[in-house]
Amino acid sequence: MPTVHLLDYVAGNVRSLVNAINKVGYEVEWIRSPSDLKNAEKLILPGVGHFGHCLSQLSEGGYLDPIRRHIASGKPFMGICVGLQSLFEGSEEDSDVPGLGLIPMRMQKFNSDSKSVPHIGWNSAIDTRLESAENQSFYGLIPNSKYYYVHSYAALYTPGLLEKDGWSVATATYGEEEFIGAIARENIFATQFHPEKSGQAGLRTLSAFLNGDRFQALTPQASLSLDKKNGLTRRIIACLDVRTNDSGDLVVTKGDQYDVREKDGVDTGGQVRNLGKPVDMAKRYYEQGADEVTFLNITSFRNCPVADAPMLEILRRTSETVFVPLTIGGGIRDTIDTDGTHVSALDVATMYFKSGADKVSIGSDAVIAAEEYYEEGEKLTGKTAIESISKAYGNQAVVVSVDPKRVYVDSPDDTNHHTIRTKYPNAAGQTFCWYQCTIKGGRESRDLDVRQLAKAVEAMGAGELLLNCIDKDGSNSGFDLELINDVKAAIKIPVIASSGAGNPEHFAEVFQSTTTDAALGAGMFHRGEYTVSDVKRHLDNGGFLVRRPEVDN
């Protein structure tokens, strides 16, 4: 197989990129030192996290000048995410650290007044030349395809500025801001999106670069409905609760308000509900068009060495065939290994990232960290799992999963917590409630409300909030719209709506009635009542912008 050289200078999920490169017919050789660059023909520079940290790593490692020489020699070069940003003069993210300076622009932070930041999800990459008569695009980019982005800073687009210098530019819009999604000139190609996480559209783009297919004519179908196709889609996430059953096998399960055992003790013995194998189910949801797949590990594996945790193998196997973002939750905390060694939350997260995860989800520990945050007068310690992981990998890599439940009161004066007036009073007729955070899978309540939690973890560096609802879990009655709107009003980071989805209309309802950024389904998919495709078809028919899966080439 032909080879491509990969420079892994900063921590991240490189496994998925390697798997994607292998998928399109290439082997990876690693750049281990600056001197290795002289042997590289095709070079890929991926990146995640903070611009200043990444460019400083390159500079301190002695890579910047060899990269410049590689590009100047005319050899193929591709940058991904921060790899694209490195081509620019600099970034607002760290004004003291310069980029390579090949493009005379600076990265700017998205305006968060009217939208969530980071910008996370599936968006366009439309060649700006499509408005002319050329009817072609570069490196396999198709205007009605969608690509996976996750970033807070972007190169905002000025029409004609870069094109006059020979650059081919593809853009996307987020709110009112148009930004560069991909750029190319001569031997250089770079994407703000992650091709390895963009399904078949991303694999096509990666293959085009590696095979040197810079320009392709577009079919008439590929050029249709540009106005409708541009912009960020509504994300549909498939969630798999994974635990060991009574035989010790890892299975996907689903409970009713967190009880995952069968109710019919006569026939089943109250065994753990087994809905299928995690790797197989993840692949099925990917093929149906899931925009992301989340694994929630609800088994502690206390007697298992950390490096051999079964979820690591699940991620490794899943990332070989699933080319959309993978999130793993459960056990992301400081721990003591079976041999007595202390393992930090950052070290645990690193193992998951190296095994194929793109994000880690933190639950109970985030609640404890939020309590300590307020006890310290809203001061950051820098020592929490959220802070340490987001500092190393970027806030887009950290999801906080919260499990609140309603506590009804007669009046807002009856509690120190933030309350809402609900349309759904309880049996006692109380019309006010607050949302109490819980830990340990909902088994223990804490004196912390969901808005306090949301504001605290946002300050710590969380990039997304996975908003569950104990009252709705397993009910198939729809999402808690009041909860979602209450939390969205308090924070700027994206929110994932979870708990209660029972049919496709519930997804349309949550996107229509709230500004949530994504919605998650579990039981309705696992039981085969509806597919991810059913949900997306329903949303598409209702006028919502969604990504539809592309055919495997």
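How many Å separate the centres of domain 1 and domain 2, taken over C-alpha atoms? I get 30 Å.

I note that this is a predicted model, where local features need pLDDT of at least 70, side-chain atom pairs count only at pLDDT 80 or more, and totals for chains, interfaces and linings use all residues. Residues are numbered from 1 along each chain as its sequence is written, and side-chain values use heavy atoms, with hydrogens and water left out.

Domains. I took the bounds from the domain assignment, automatic or from a database: domain 1 is 3-224 and domain 2 is 235-257 + 270-542. I find 28 residues of domain 1 in contact with 30 residues of domain 2 (heavy atoms within 4.5 Å).

Area. I looked up the buried area (accessible area, 1.4 Å probe, that two parts lose on being put together, summed over both). The two domains bury about 2,100 Å², with 54% from carbon and sulfur atoms. On the domain 1 side, Arg15, Ile120 and Lys197 supply 24% of the area buried against domain 2, more than any other three residues.

I find one salt bridge across the interface (side-chain nitrogen of Lys or Arg within 4 Å of a carboxyl oxygen of Asp or Glu). I also looked up the salt bridge between the side chains of Lys197 and Asp358, at 2.9 Å, N to O.

Elements. I read helices (H or I, at least four residues) and strands (E, at least two) as DSSP runs, numbered from the N terminus. Helix 1 (14-23), strand 7 (119-123), strand 10 (147-151) and helix 5 (199-210) each give two or more residues to the domain 1 side. Helix 1 gives the most, five residues.
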